[in-house]
Amino acid sequence: MIQKSRPALLQPQDVGDRVETLMLHPVIKAFLCGSISGTCSTLLFQPLDLLKTRRHRCLSAMLSQCPSCWMLREQHGSRRVGMLALLLKVVRTESILGLWKGMSPSIVRCVPGIGIYFGTLYSLKQYFLRGHPPTALESVILGVGSRSVAGVCMSPITVIKTRYESGRYGYESIYAALKSIYRSEGHRGLFSGLTATLLRDAPFSGIYLMFYNQTKNIMTHDQLDAALIPVVNFSCGIFAGILASLVTQPADVIKTHMQLTPVKFRWIGQAVTLIFKDYGLRGFFQGGVPRALRRTLMAAMAWTVYEEMMAKMGLKS
(Lines give C-alpha, C1' and ligand atoms only; values in the text may rest on other atoms or scores of the structure.)
Protein backbone atom coordinates (compact mmCIF):
# COMPACT_ATOMS: atom_id res chain seq x y z
CA MET A 1 0.00 0.00 0.00
CA ILE A 2 1.38 3.32 -1.07
CA GLN A 3 1.53 5.85 1.73
CA LYS A 4 0.86 9.45 0.90
CA SER A 5 3.68 11.76 1.79
CA ARG A 6 2.79 14.30 4.42
CA PRO A 7 4.11 17.84 4.20
CA ALA A 8 6.93 18.55 6.58
CA LEU A 9 5.90 20.43 9.67
CA LEU A 10 7.40 23.83 10.19
CA GLN A 11 9.73 24.01 13.14
CA PRO A 12 9.34 26.94 15.56
CA GLN A 13 12.61 28.42 14.32
CA ASP A 14 11.38 28.32 10.71
CA VAL A 15 8.14 30.04 11.68
CA GLY A 16 10.11 32.71 13.51
CA ASP A 17 12.35 33.27 10.49
CA ARG A 18 9.35 33.63 8.19
CA VAL A 19 7.62 36.06 10.53
CA GLU A 20 10.83 38.06 10.82
CA THR A 21 11.14 38.14 7.03
CA LEU A 22 7.59 39.46 6.71
CA MET A 23 7.91 41.98 9.53
CA LEU A 24 11.29 43.30 8.43
CA HIS A 25 10.73 43.77 4.72
CA PRO A 26 13.44 46.06 3.27
CA VAL A 27 10.92 48.84 2.66
CA ILE A 28 9.76 48.59 6.27
CA LYS A 29 13.38 48.73 7.40
CA ALA A 30 13.92 51.86 5.31
CA PHE A 31 10.76 53.39 6.82
CA LEU A 32 11.91 52.63 10.38
CA CYS A 33 15.43 53.92 9.78
CA GLY A 34 14.06 57.11 8.25
CA SER A 35 11.61 57.65 11.09
CA ILE A 36 14.27 57.25 13.75
CA SER A 37 16.73 59.52 11.94
CA GLY A 38 13.99 62.12 11.47
CA THR A 39 13.11 62.02 15.16
CA CYS A 40 16.71 62.66 16.19
CA SER A 41 17.19 65.59 13.83
CA THR A 42 13.80 67.12 14.69
CA LEU A 43 14.49 67.12 18.43
CA LEU A 44 17.81 68.87 17.92
CA PHE A 45 16.83 71.52 15.38
CA GLN A 46 13.23 72.41 16.29
CA PRO A 47 14.28 75.81 17.77
CA LEU A 48 15.65 76.92 14.40
CA ASP A 49 12.37 76.05 12.72
CA LEU A 50 10.39 77.96 15.33
CA LEU A 51 12.56 81.07 14.92
CA LYS A 52 12.13 80.89 11.15
CA THR A 53 8.33 80.76 11.47
CA ARG A 54 8.22 83.56 14.04
CA ARG A 55 10.35 85.71 11.76
CA HIS A 56 7.93 85.21 8.89
CA ARG A 57 5.06 86.04 11.20
CA CYS A 58 6.63 89.33 12.30
CA LEU A 59 7.38 90.35 8.74
CA SER A 60 3.89 89.53 7.49
CA ALA A 61 1.98 91.31 10.28
CA MET A 62 1.41 95.04 10.73
CA LEU A 63 3.47 96.58 13.53
CA SER A 64 0.38 97.67 15.42
CA GLN A 65 -1.07 94.18 15.30
CA CYS A 66 2.04 92.19 16.14
CA PRO A 67 3.12 92.54 19.81
CA SER A 68 6.09 90.25 19.27
CA CYS A 69 7.56 92.77 16.81
CA TRP A 70 8.57 95.16 19.58
CA MET A 71 12.16 95.03 18.40
CA LEU A 72 11.17 96.52 15.05
CA ARG A 73 9.99 99.76 16.64
CA GLU A 74 13.19 100.02 18.63
CA GLN A 75 15.26 99.90 15.46
CA HIS A 76 13.94 103.28 14.27
CA GLY A 77 11.33 101.77 12.03
CA SER A 78 13.61 99.16 10.54
CA ARG A 79 11.78 96.13 9.14
CA ARG A 80 14.68 93.81 9.84
CA VAL A 81 14.09 91.28 12.57
CA GLY A 82 17.23 90.20 14.38
CA MET A 83 17.38 86.47 14.97
CA LEU A 84 19.25 86.94 18.26
CA ALA A 85 16.68 89.46 19.48
CA LEU A 86 13.87 87.10 18.50
CA LEU A 87 15.61 84.23 20.29
CA LEU A 88 15.96 86.27 23.49
CA LYS A 89 12.35 87.40 23.24
CA VAL A 90 11.07 83.82 23.04
CA VAL A 91 13.25 82.67 25.95
CA ARG A 92 12.25 85.65 28.11
CA THR A 93 8.51 85.40 27.51
CA GLU A 94 8.04 81.64 27.05
CA SER A 95 11.10 80.16 28.85
CA ILE A 96 13.78 78.04 27.20
CA LEU A 97 11.20 75.34 26.51
CA GLY A 98 9.35 77.83 24.33
CA LEU A 99 11.94 77.17 21.65
CA TRP A 100 10.47 73.68 21.33
CA LYS A 101 6.89 74.88 20.98
CA GLY A 102 5.15 72.91 18.27
CA MET A 103 7.23 69.86 19.06
CA SER A 104 4.24 67.52 19.05
CA PRO A 105 3.11 68.26 15.47
CA SER A 106 6.74 68.28 14.38
CA ILE A 107 7.24 64.76 15.72
CA VAL A 108 3.89 63.62 14.34
CA ARG A 109 4.91 65.00 10.96
CA CYS A 110 8.57 64.02 10.84
CA VAL A 111 8.41 60.50 12.25
CA PRO A 112 6.04 59.15 9.59
CA GLY A 113 6.89 61.85 7.05
CA ILE A 114 10.61 61.15 6.82
CA GLY A 115 9.85 57.45 7.13
CA ILE A 116 7.50 57.68 4.14
CA TYR A 117 10.14 59.62 2.22
CA PHE A 118 12.92 57.08 2.78
CA GLY A 119 10.57 54.13 2.32
CA THR A 120 9.32 55.55 -0.99
CA LEU A 121 12.84 56.44 -2.08
CA TYR A 122 14.08 52.93 -1.34
CA SER A 123 11.16 51.39 -3.25
CA LEU A 124 11.69 53.62 -6.28
CA LYS A 125 15.41 52.91 -6.33
CA GLN A 126 14.84 49.17 -6.18
CA TYR A 127 12.18 49.27 -8.90
CA PHE A 128 13.82 51.64 -11.39
CA LEU A 129 17.56 51.38 -10.71
CA ARG A 130 17.78 47.69 -9.75
CA GLY A 131 21.03 48.14 -7.88
CA HIS A 132 22.71 50.58 -10.27
CA PRO A 133 23.94 53.92 -8.89
CA PRO A 134 21.69 56.83 -9.96
CA THR A 135 22.79 59.50 -12.40
CA ALA A 136 22.38 63.19 -11.54
CA LEU A 137 19.04 63.40 -13.35
CA GLU A 138 17.80 60.17 -11.80
CA SER A 139 18.71 61.49 -8.34
CA VAL A 140 16.62 64.61 -8.94
CA ILE A 141 13.63 62.57 -10.14
CA LEU A 142 13.86 60.14 -7.23
CA GLY A 143 14.13 62.94 -4.68
CA VAL A 144 11.23 64.91 -6.18
CA GLY A 145 8.97 61.86 -6.40
CA SER A 146 9.67 60.63 -2.88
CA ARG A 147 9.21 64.04 -1.30
CA SER A 148 5.98 64.67 -3.21
CA VAL A 149 4.45 61.47 -1.84
CA ALA A 150 5.48 62.34 1.72
CA GLY A 151 4.40 65.98 1.34
CA VAL A 152 0.86 65.13 0.25
CA CYS A 153 0.46 62.56 3.02
CA MET A 154 1.65 64.91 5.76
CA SER A 155 0.20 68.24 4.54
CA PRO A 156 -2.46 68.60 7.30
CA ILE A 157 0.16 68.05 10.01
CA THR A 158 2.48 70.56 8.30
CA VAL A 159 -0.26 73.22 8.42
CA ILE A 160 -0.84 72.58 12.15
CA LYS A 161 2.89 72.62 12.87
CA THR A 162 3.33 76.00 11.16
CA ARG A 163 0.42 77.50 13.07
CA TYR A 164 1.62 76.08 16.39
CA GLU A 165 5.03 77.65 15.93
CA SER A 166 3.65 81.04 14.90
CA GLY A 167 2.15 81.59 18.36
CA ARG A 168 -0.98 83.06 16.75
CA TYR A 169 -3.22 80.01 17.21
CA GLY A 170 -4.11 78.48 20.58
CA TYR A 171 -4.93 74.91 19.62
CA GLU A 172 -5.26 72.57 22.60
CA SER A 173 -4.12 69.47 20.73
CA ILE A 174 -3.40 68.14 17.26
CA TYR A 175 -6.86 66.60 17.05
CA ALA A 176 -8.48 69.86 18.18
CA ALA A 177 -6.47 71.72 15.55
CA LEU A 178 -7.54 69.33 12.79
CA LYS A 179 -11.17 69.65 13.89
CA SER A 180 -11.03 73.45 14.12
CA ILE A 181 -9.37 73.93 10.74
CA TYR A 182 -11.73 71.53 9.00
CA ARG A 183 -14.78 73.16 10.60
CA SER A 184 -13.78 76.74 9.76
CA GLU A 185 -11.87 76.30 6.49
CA GLY A 186 -12.93 72.92 5.15
CA HIS A 187 -10.61 70.34 3.65
CA ARG A 188 -8.83 73.07 1.68
CA GLY A 189 -7.60 74.52 4.95
CA LEU A 190 -5.87 71.26 5.81
CA PHE A 191 -4.00 71.44 2.50
CA SER A 192 -3.38 75.20 2.41
CA GLY A 193 0.03 75.98 1.01
CA LEU A 194 0.42 72.43 -0.34
CA THR A 195 1.44 73.59 -3.81
CA ALA A 196 4.00 75.99 -2.38
CA THR A 197 5.18 73.29 0.01
CA LEU A 198 5.75 70.87 -2.86
CA LEU A 199 7.42 73.59 -4.92
CA ARG A 200 9.80 74.06 -2.00
CA ASP A 201 10.32 70.54 -0.64
CA ALA A 202 10.26 68.52 -3.86
CA PRO A 203 12.97 70.55 -5.63
CA PHE A 204 14.95 70.73 -2.38
CA SER A 205 14.94 66.96 -2.04
CA GLY A 206 15.77 66.45 -5.70
CA ILE A 207 18.61 68.98 -5.71
CA TYR A 208 19.85 67.78 -2.33
CA LEU A 209 19.90 64.14 -3.40
CA MET A 210 21.69 65.01 -6.63
CA PHE A 211 24.47 66.98 -4.91
CA TYR A 212 24.66 64.45 -2.08
CA ASN A 213 25.11 61.46 -4.39
CA GLN A 214 27.51 63.27 -6.71
CA THR A 215 29.64 64.48 -3.79
CA LYS A 216 29.71 61.00 -2.26
CA ASN A 217 30.80 59.52 -5.60
CA ILE A 218 33.84 61.78 -5.57
CA MET A 219 34.86 60.49 -2.15
CA THR A 220 36.53 57.09 -2.18
CA HIS A 221 34.65 55.34 0.63
CA ASP A 222 36.54 52.08 0.07
CA GLN A 223 39.79 53.72 1.12
CA LEU A 224 38.35 55.44 4.18
CA ASP A 225 38.40 54.16 7.73
CA ALA A 226 34.98 52.94 8.84
CA ALA A 227 34.90 55.52 11.63
CA LEU A 228 35.32 58.37 9.12
CA ILE A 229 32.46 57.37 6.81
CA PRO A 230 29.72 59.05 8.94
CA VAL A 231 31.82 62.23 9.06
CA VAL A 232 32.24 62.21 5.28
CA ASN A 233 28.54 61.55 4.74
CA PHE A 234 27.63 64.41 7.10
CA SER A 235 30.01 66.77 5.29
CA CYS A 236 28.51 65.82 1.92
CA GLY A 237 25.08 66.48 3.39
CA ILE A 238 26.10 69.95 4.61
CA PHE A 239 27.39 70.92 1.17
CA ALA A 240 24.29 69.61 -0.59
CA GLY A 241 21.93 71.23 1.91
CA ILE A 242 23.39 74.72 1.54
CA LEU A 243 23.00 74.68 -2.24
CA ALA A 244 19.49 73.22 -2.13
CA SER A 245 18.34 75.71 0.55
CA LEU A 246 19.41 78.74 -1.46
CA VAL A 247 17.49 77.59 -4.52
CA THR A 248 14.24 76.83 -2.68
CA GLN A 249 14.11 79.66 -0.10
CA PRO A 250 11.52 81.81 -2.00
CA ALA A 251 9.05 78.90 -2.09
CA ASP A 252 9.43 78.48 1.69
CA VAL A 253 8.57 82.13 2.31
CA ILE A 254 5.48 81.87 0.07
CA LYS A 255 4.38 78.62 1.73
CA THR A 256 4.67 80.04 5.25
CA HIS A 257 2.66 83.16 4.39
CA MET A 258 -0.09 81.08 2.79
CA GLN A 259 -0.38 78.78 5.81
CA LEU A 260 -0.34 81.55 8.41
CA THR A 261 -2.73 83.91 6.59
CA PRO A 262 -4.76 81.84 4.11
CA VAL A 263 -7.43 84.56 3.79
CA LYS A 264 -4.92 87.14 2.58
CA PHE A 265 -2.64 84.84 0.60
CA ARG A 266 -5.11 82.61 -1.23
CA TRP A 267 -2.97 81.45 -4.13
CA ILE A 268 0.68 81.51 -5.12
CA GLY A 269 0.44 84.33 -7.66
CA GLN A 270 -1.28 86.59 -5.15
CA ALA A 271 1.27 85.72 -2.46
CA VAL A 272 4.18 86.51 -4.78
CA THR A 273 2.65 89.86 -5.69
CA LEU A 274 1.93 90.92 -2.11
CA ILE A 275 5.32 89.83 -0.76
CA PHE A 276 7.16 91.65 -3.53
CA LYS A 277 5.00 94.77 -3.05
CA ASP A 278 5.57 94.90 0.71
CA TYR A 279 9.18 93.74 1.00
CA GLY A 280 10.71 93.73 -2.44
CA LEU A 281 12.95 90.98 -3.78
CA ARG A 282 14.65 90.59 -0.41
CA GLY A 283 11.33 89.54 1.10
CA PHE A 284 11.59 86.17 -0.65
CA PHE A 285 14.81 85.42 1.24
CA GLN A 286 13.72 86.53 4.71
CA GLY A 287 14.42 83.83 7.28
CA GLY A 288 16.85 82.19 4.89
CA VAL A 289 19.66 81.85 7.40
CA PRO A 290 17.78 79.88 10.10
CA ARG A 291 15.99 77.79 7.48
CA ALA A 292 19.19 77.01 5.56
CA LEU A 293 20.95 76.21 8.82
CA ARG A 294 18.12 73.98 10.05
CA ARG A 295 17.36 72.23 6.77
CA THR A 296 21.03 71.65 6.06
CA LEU A 297 21.89 70.27 9.49
CA MET A 298 18.64 68.31 9.72
CA ALA A 299 19.02 66.71 6.30
CA ALA A 300 22.69 65.95 6.83
CA MET A 301 22.06 64.31 10.19
CA ALA A 302 18.98 62.42 8.95
CA TRP A 303 20.90 60.98 6.00
CA THR A 304 23.93 60.12 8.13
CA VAL A 305 21.85 58.27 10.74
CA TYR A 306 19.75 56.63 8.02
CA GLU A 307 22.74 55.31 6.12
CA GLU A 308 24.41 54.02 9.28
CA MET A 309 21.26 52.20 10.39
CA MET A 310 20.66 50.73 6.92
CA ALA A 311 24.26 49.47 6.88
CA LYS A 312 23.74 47.83 10.27
CA MET A 313 20.72 46.04 8.83
CA GLY A 314 22.72 44.84 5.86
CA LEU A 315 20.90 46.99 3.29
CA LYS A 316 22.34 49.40 0.76
CA SER A 317 20.75 52.81 1.07
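The model is predicted: local features need pLDDT of at least 70, side-chain atom pairs count only at pLDDT 80 or more, and totals for chains, interfaces and linings use all residues. Residues are numbered from 1 along each chain as its sequence is written, and side-chain values use heavy atoms, with hydrogens and water left out.

**Exercise 1.** Determine which residues of helix H6 are buried and how they are arranged about its axis.

*Solution.* Step 1: locate the helix. Helices are DSSP runs (H or I, at least four residues), numbered from the N terminus; H6 covers residues 136-153. Step 2: classify its residues, where buried means under 20% relative accessible area, exposed over 50% and partly exposed in between (1.4 Å probe, protein chains only). Ser139, Leu142, Gly143, Ser146, Arg147, Ala150 and Gly151 are the buried residues of H6. Step 3: view the helix down its axis. The buried residues fall within an arc of 155° (taken from the directions from the helix axis to the C-beta atoms), so they line one face of H6. On the other side, Leu137 and Ile141 are exposed.

**Exercise 2.** Classify the aromatic pair of Phe211 and Phe239, and state which helices it joins.

*Solution.* Step 1: apply the criterion. Rings of Phe, Tyr and Trp (its six-membered ring) pair if their centres lie within 6.5 Å; planes under 30 degrees apart count as stacked, over 60 as edge-to-face and the rest as tilted. The structure holds nine such pairs. Step 2: with centres 6.4 Å apart and planes at 85°, Phe211 and Phe239 are edge-to-face. Step 3: Phe211 belongs to helix H10 (residues 194-218) and Phe239 to helix H11 (residues 229-260), so the pair ties together parts that are 28 residues apart in sequence. Step 4: Phe211 is partly exposed, at a relative accessible area of 25%, and Phe239 is partly exposed, at 44%.

**Exercise 3.** Identify the residues with the most contacts inside the largest nonpolar core, and the elements that give two or more residues to it.

*Solution.* Step 1: define the core as a set of buried Ala, Val, Leu, Ile, Met, Phe, Trp, Tyr and Cys residues joined through side-chain atoms within 4.5 Å. Step 2: the largest has 30 residues, and Tyr208, Trp303, Tyr306 and Met310 have the most contacts inside it. Step 3: helix H2 (26-60), helix H5 (103-129), H6, H10, H11 and H13 each give two or more residues to this core. Step 4: a second, separate core of 10 residues includes Met154, Ile157, Ala177 and Ile181.

How values were computed:
The expected span of a helix is 1.5 Å times one less than its number of residues.
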